[in-house]
Amino acid sequence: MGTPETSREPCPDRIIDDVGGAFGMGAVGGAAFHFLKGIYNSPKGARLIGGSQAVRMNAPRVGGSFAVWGGLFSTFDCTMVYMRQKEDPWNSIIAGAATGGFLQMRQGLGASARSAAMGGILLALIEGAGIMLNKFMSEQQQQPIVIEEPGATMASVPGLPQMGHPGAEAPSVSSEGSSGSWLGGWFGKGKEPEAAGSGSETKVLESFDAPAVPTFEFK
């Protein structure tokens with residue numbers, strides 16, 4: 001997975017790309033904000049007209065401000081890439097500070113320094129969040145998938161006899177059968193052993209005399 005710096009456009013084309021993206025973002029966001037503001041400030045019966053007029057007056061201005069900021073940022077970013085000959089988050093942080101300071105240069109040195117500090121901090125937070133997100137996504141992709149087998153699950157249940165295990169215990173003889181054999185040996189009367197291989201007792205009915213079948217032979 002590429003970093004935000006390597007996934008962007010090459011440096012000469014990056015400026016135009018950022019200018020267009022910033023203008024679109026500012027125009028859409030400014031249109032929504034000023035449309036709601038125009039509806040709120042307009043009298044009853046003319047709220048829709050007031051909202052549309054506010055959008056036409058303010059949305060291009062907000063989009064142009066965003067475009068100026070995006071163009072300056074990309075210009076400083078490309079300058080840092082050319083000077084440092086590498087792509088890393090420090091280019092974006094320095095470019096954000098330089099853009100903030102340049103836009104507030106007419107307000108004085110103090111305002112320009114404060115704006116530069118705010119721009120650098122904001123870009124540092126954005127770059128840090130992007131790095132953490134990329135690291136988290138890469139760890140999720142590299143994590144192996146573990147498939148549990150049914151036999152391993154049954155083997156881990158305590159109290160169940162394990163088939164084929166060297167330490168498995170044979171099932172114990174029931175107490176009824178042991179007591180019956182003990183009493184049979186003591187009194188000389190034991191239970192008759194059941195037929196091997198049969199799971200149920202078989203009872204034989206006694207035969208009975210059937211009536212004679214008449215014959216039709218002539219002597």
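Q: Which residues are buried in α4?
A: In this predicted model, the buried residues of α4 are Ala111, Ser112, Gly119, Gly120, Leu123, Glu127, Gly130 and Asn134.

Q: And what do those buried residues pack against?
A: They pack against α2 and α3.

Q: How does the span of α4 compare with what its residues should give?
A: The two agree: α4 has 34 residues, which should span 50 Å at 1.5 Å a residue, and its end C-alpha atoms are 49 Å apart.

Q: Let's pick one residue there. Where is Ser112 found?
A: Ser112 belongs to helix α4, which covers residues 109-142.

Q: Why does Ser112 count as buried?
A: Because its relative accessibility is 12%, and the cut-off for buried is under 20%.

Q: What is Ser112 in contact with?
A: If you leave aside neighbours within four places in sequence, Ser112 is in contact with Gly101, Gln104 and Met105.

Q: Where does Met105 sit, then?
A: Met105 is in the loop between α3 and α4.

Q: Is Met105 buried or exposed?
A: Exposed, because its relative accessibility is 52%.

Q: Which residues form the nonpolar patch on the surface?
A: Met105 is one of them, along with Val68, Trp69, Phe102 and Leu103. Together they have about 460 Å² of accessible area.

Q: Which helices each supply at least two residues of that patch?
A: That would be α2 (47-84) and α3 (89-103).

Q: Tell me about α2. How far does it reach?
A: From its first C-alpha to its last, α2 reaches 54 Å. It has 38 residues, and the value is close to the 56 Å expected at 1.5 Å a residue.

Q: Where does the kink in α2 lie?
A: The kink is at Asn58, shortly before the proline Pro60, and comes to about 35 degrees.

Q: What happens just after α2?
A: Gln85 takes a positive phi there, of about 60 degrees.

Q: Back inside α2: is Cys78 buried or exposed?
A: Cys78, which lies in helix α2, is buried, with a relative accessible area of 11%.

Q: What does Cys78 touch?
A: Not counting residues up to four places away in sequence, Cys78 touches Cys11, Arg14 and Ile15.

Q: How many residues apart are Cys78 and Ala95 in sequence, and what about in space?
A: They are 17 residues apart in sequence, and their C-alpha atoms are 8.7 Å apart in space.

Q: New topic: how many salt bridges does the structure hold?
A: Three. One of them joins the side chains of Asp77 and Arg14, at 3.2 Å from N to O. Asp77 lies in helix α2 and Arg14 in helix α1 (residues 11-41), so this pair ties together parts that are 63 residues apart in sequence.

Q: Are Asp77 and Arg14 buried or exposed?
A: Both are buried. For Arg14, the relative accessible area is 3%.

Q: Which side chain does Glu87 meet in a salt bridge?
A: The side chain of Arg14, at 3.1 Å from N to O. This pair also links distant parts of the chain, since Glu87 is in the loop between α2 and α3 while Arg14 is in helix α1, 73 residues apart.

Q: Why does Glu87 count as partly exposed?
A: Because its relative accessibility is 35%.

Q: Which residues are linked in a network of salt bridges?
A: Arg14, Asp77 and Glu87 are linked that way.

Q: What about Asp88: which residue is its salt bridge with?
A: With Arg84, where the closest N and O atoms are 2.6 Å apart. Asp88 is buried, with a relative accessible area of 13%, whereas Arg84 counts as partly exposed at 28% relative accessibility.

Q: Let's zoom out. How many helices and strands are there?
A: The secondary structure comes to six helices and zero strands. Along the sequence, the pattern is α-α-α-α-α-α.

Q: How much of the protein do buried residues make up?
A: They make up 21% of its 219 residues.

Q: Last one: among contacts between residues at least 6 apart in sequence, how many join residues at least 24 apart?
A: Of those contacts, 56% join residues at least 24 apart.

Definitions and conventions. Residues are numbered from 1 along each chain as its sequence is written. This is a predicted model: local features need pLDDT of at least 70, side-chain atom pairs count only at pLDDT 80 or more; totals for chains, interfaces and linings use all residues. Side-chain values use heavy atoms; hydrogens and water are left out. Helices (H or I, at least four residues) and strands (E, at least two) are DSSP runs, numbered from the N terminus. Buried means under 20% relative accessible area, exposed over 50%, partly exposed in between (1.4 Å probe, protein chains only). Contact means heavy atoms within 4.5 Å. Patches are made of residues with over 30% relative accessible area and no salt bridge: like charges are joined within 9 Å, nonpolar side chains (Val, Leu, Ile, Met, Phe, Trp, Tyr) within 5 Å. Accessible areas come from the Shrake-Rupley method with a 1.4 Å probe; for residues, only the protein chains shown count as cover. A salt bridge is a side-chain nitrogen of Lys or Arg within 4 Å of a carboxyl oxygen of Asp or Glu. The expected span of a helix is 1.5 Å times one less than its number of residues. The bend at a residue is the angle between axes fitted to the seven residues ending there and the seven starting there.
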